[in-house]
Amino acid sequence: MSDEHIDEISGVSTTGHEWDGIRELNNPLPRWWVITFYVTIVWAIGYTIAYPAWPLLHSATTGVLGYSSRNEVRNELTAAEAAKGKYISAVESKSVSEIAADDGLREFAIAAGGAAFKVNCVQCHGSGAQGSKGFPNLNDDDWLWGGKAEQIQQTITHGIRFATDAETRLSEMPAFGDIITADQIAQVSAYVASLSGKVRDASLIQPGAKVFAENCVACHGDNAKGNREFGAPDLTDAIWLYGSGETAIAAQVRAPKQGVMPAWVGRLGEIKVKELAVYVHSLGGGE
Amino acid sequence: MRDKTQLTGLETETVNSAKTRKPLYAARQKIFPKRASGNFRRFKWLVMTITLGIYYLAAWLPWARGPFAPDQAVLLDLANRRFYFFFIEIWPQEFFYVAGLLVMAGVGLFLITSTVGRAWCGYACPQTVWVDLFLVVERAIEGDRNARMKLDAGPWTARKLMLRVFKHTIWLVIGAATGGAWIFYFADAPTLVGELFTGTAAPVAYITVAVLTATTYTFGGLMREQVCTYMCPWPRIQAAMLDESSLTVTYNDWRGEPRSRHAKKVQAAGQSVGDCVDCNACVAVCPMGIDIRDGQQLECITCALCIDACDGVMDKLGKERGLISYATLSDYNTNMMLATAGGSSSVNPSLVRTADGLFSDKVAHFHIRKIFRPRTYVYMGLWSLIGLGLLYSLLTRDRLELNVLHDRNPQFVTLSDGSIRNGYTVKLLNMIPEPRTLVVTIQGLDGADMSVVGEDIPAGRSFAIPVEPDRLKMLKVFVRQPAGQIRAPAQTFKFRVEDRASFESNEYTATFNAPEAPR
């Protein structure tokens with residue numbers, strides 16, 4: 001423009017645009033800014049060539065560097081597996097009690113077992129492994145099938161009363177409602193309750209002991225301490241899977257509930273089961 | 001004595017002046033500060049030596065802490081989360097000491113600024129110190145102000161290219177040394193310096209050195225006064241810090257004006273003339289490119305080099321020093337009223353002098369008493385209070401701590417004999433660099449005993465356990481109380497840890513949960 005106009009107040013040239021006497025100042029961007037801007041454009045072109053960028057009809061350009069975020073994840077997972085590798089192989093080759101005795105291995109197994117527990121076991125046993133009525137508390141020192149690490153491993157591997165597993169833990173208390181009279185049930189319930197607490201009618205204890213000797217000692221033992229061979233619970237302790245007190249005991253004598261636990265080895269594999277066994281063993285009741 | 005007429009004025013223009021300020025986007029005008037000499041310059045050399053000495057060398061000071069802790073006096077061990085400062089070791093949860101020191105530094109800055117103005121800016125700020133250092137290099141290579149201006153204006157000759165390359169190389173070396181010195185505070189210095197030069201140090205070390213080299217070179221060599229003028233918030237904040245009793249670098253126009261380069265001619269013409277001979281020495285030495293005679297301004301970092309320059313000129317002229325001096329606004333105003341006869345006329349320097357040319361008794365001079373005023377008492381009190389608080393806390397802090405986390409899920413477990421068990425995660429903190437055997441005891445909770453998971457310790461109310469030096473030991477502890485002795489669904493009891501060798505101990509009050517109706 002030949003007639004370049006300079007704004008009087010600021011001393012800056014104007015663009016030549018004028019609206020009712022108002023002129024637009026021509027303040028170009030700083031050169032360093034413009035250069036940086038051009039550099040970013042050049043960079044962006046190079047970037048889209050080097051990396052996956054341009055969408056095509058069914059895919060996208062792959063970029064000359066061959067970068068892929070899926071590969072990144074795959075590599076990271078492989079690296080993580082490799083880092084776990086030596087622990088995994090040690091868990092595989094050692095017995096659960098050996099694992100529990102080795103500080104580093106135990107820590108690994110507890111972490112891995114704890115994670116597996118939260119996915120597979122909490123539905124019945126609760127997030128703190130505290131159980132609930134009918135589902136055993138795994139923190140305590142009362143074990144139906146044994147609290148040694150190997151015994152826990154056996155239970156998890158083959159399950160309890162799990163029909164499709166040949167080696168599953170199996171026992172079945174008969175429904176005594178069909179075998180003995182209602183009076184006898186009341187008597188034996190009073191006797192069993194008396195082993196660990198008070199009962200309403202002490203006169204029932206004596207005949208109850210007789211009923212117990214005739215019907216129950218085969219599994220629960222002479223002293224009612226139970227038998228882990230058959231998963232027969234200790235009736236003298238403070239822990240009652242289906243509730244304490246005469247009423248709850250009577251109900252269980254009449255028509256026993258029998259819990260089922262799946263066999264986990266087919267689904268989780270032996271290594272995971274070992275880790276779970278070590279974890280459960282570590283909860284405070286392990287023998 | 002030298003002939004006064006030999007004193008030649010310097011042809012110079014003020015770069016940063018409100019009167020001639022260019023638009024903000026205008027290109028920067030280069031500043032070529034002249035070398036100053038005098039008391040303030042000497043003081044600045046001293047401050048520079050001390051501050052740079054501390055920065056470059058403190059990481060190399062040894063401090064024996066025994067076999068279980070590093071022997072570097074100042075070390076920020078980020079990997080192990082420990083901070084070592086001579087005899088003090090700080091754990092992450094004790095970082096409030098550092099926060100406290102920062103608060104003290106803040107209040108200290110208020111205190112210093114309200115008494116002697118922007119002393120931080122002028123003497124101790126890293127930007128000022130490093131720019132000073134870079135200027136030393138520039139002067140040594142390219143010469144003083146006039147030589148540098150000539151070189152800068154001249155064409156690109158082989159000599160100019162060589163000088164410039166040499167200068168920038170030295171600047172980069174200083175930058176690299178600055179970045180290099182920084183990383184030694186974060187690792188064992190002798191080991192790291194070996195790794196650094198063999199290319200085996202961690203990438204973060206090289207990145208840090210590269211970043212700090214770039215910033216030192218850019219801020220100290222290229223940007224200089226622009227950092228203070230445009231980037232730093234302190235020049236803006238200082239306005240609130242100064243008051244009429246704060247010392248600041250002041251041009252005393254009550255004795256300087258009217259300035260004239262030809263004093264004798266003006267005097268002969270019967271007009272009054274001030275002490276300022278308009279030689280521009282104060283402008284030439286200014287690293288900020290300002291003219292202090294325009295009054296107090298945002299750009300002035302109060303480095304006081306103009307005082308040195310002016311005092312030199314006054315000495316040559318046989319006049320009193322202090323035409324430019326540290327003065328308070330109230331003194332300045334008093335003297336200004338005197339020189340302008342109560343504001344009724346323009347400055348007439350003869351009004352502040354007696355007949356025989358000495359200063360009149362009415363001229364106000366700074367008195368040390370002015371430093372002590374309510375404002376500085378408050379700052380000083382606050383500063384000391386925080387300092388004493390930190391000191392007390394430091395001297396009485398625990399080096400043996402105990403933290404207990406109660407299991408929440410499950411809160412309690414009923415055992416087969418009817419007793420109740422609670423689980424706790426017990427953390428023992430041995431905060432000294434020596435191995436210790438600690439005794440953990442439970443107090444209260446009748447009949448209860450403890451067992452520790454994974455440790456071969458018999459159940460009981462007390463156990464001893466070794467803890468590694470300067471480490472936290474985490475234990476999983478089961479506490480068990482017999483059924484008959486449970487008194488309430490929630491009972492409190494204490495974990496106690498003690499070091500029987502040093503008589504240190506600590507306690508933690510925990511809760512023991514039991515079912516509502518014990519079975």
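Two residues are in contact here if their C-beta atoms, placed from the backbone, lie within 7 Å. Keep that cut-off in mind while walking through this predicted model.

Start in chain A, with two helices. Helix α7(A) covers residues 182–194, and helix α8(A) covers residues 205–215. Their axes come within 7 Å. They cross at roughly 100 degrees, and that makes α7(A) roughly perpendicular to α8(A).

Which residues of α7(A) and α8(A) meet? From α7(A) come Q184(A), Q187(A), V188(A), A190(A), Y191(A) and S194(A). On the α8(A) side they meet I205(A), P207(A), G208(A), A209(A), V211(A) and F212(A). Sorted by class, this contact has 8 nonpolar residues and 4 polar ones. It has no charged residues.

Now step back to the annotation of chain A. An unreviewed UniProt entry lists "domain: Cytochrome c" at residues 108–196 and 203–284. Take residues 108–196 of chain A: this span is 45% helix and 0% strand. Its end C-alpha atoms are 40 Å apart. Residues 203–284 of chain A are 50% helix and 0% strand. Here the end C-alpha atoms lie 39 Å apart.

Move on to chain B. For this chain, UniProt places "transmembrane region" at residues 43–63, 83–112, 169–187, 199–219 and 377–395, again in an unreviewed entry. Look at two of these spans. Residues 43–63 of chain B are 71% helix and 0% strand, with end C-alpha atoms 31 Å apart. Residues 169–187 of chain B are 79% helix and 0% strand, and their end C-alpha atoms lie 28 Å apart.

Next, follow helix α6(B), which runs over residues 158–183. It has 26 residues. From first C-alpha to last it reaches 38 Å, close to the 38 Å expected at 1.5 Å a residue. Which residues of α6(B) are buried? They are W171(B), I174(B), G175(B), T178(B), G179(B) and I183(B). What do these buried residues pack against? Their partners are three helices of chain B: α4 (126–142), α7 (189–198) and α8 (203–223).

Finally, see where the two chains touch. Chain B gives 15 residues to the contact, and chain A gives 18. On the chain B side, the strands β7 (413–414) and β8 (420–430) each supply at least two residues. By class, that side of chain B has 7 nonpolar, 5 polar and 3 charged residues.

Methods
Residues are numbered from 1 along each chain as its sequence is written. Chains are lettered from A and ligands numbered from 1 in the order in which they are written. This is a predicted model: local features need pLDDT of at least 70, side-chain atom pairs count only at pLDDT 80 or more; totals for chains, interfaces and linings use all residues. UniProt positions are given in the numbering used here, feature names are shortened, and annotations may be inferred rather than shown by experiment. Helices (H or I, at least four residues) and strands (E, at least two) are DSSP runs, numbered from the N terminus. The expected span of a helix is 1.5 Å times one less than its number of residues. A residue is buried if 20 or more other C-beta atoms lie within 10 Å of its own, exposed if 12 or fewer, and partly exposed in between; C-beta atoms are placed from the backbone. Axes are lines fitted to C-alpha atoms, for helices over the stretch in contact, and angles run from 0 to 180 degrees between N-to-C directions. Angles under 35 degrees count as roughly parallel, over 145 as roughly antiparallel, 65 to 115 as roughly perpendicular and the rest as oblique. Ala, Val, Leu, Ile, Met, Phe, Trp, Tyr, Cys and Pro count as nonpolar, Asp, Glu, Lys and Arg as charged, and the others, Gly among them, as polar.
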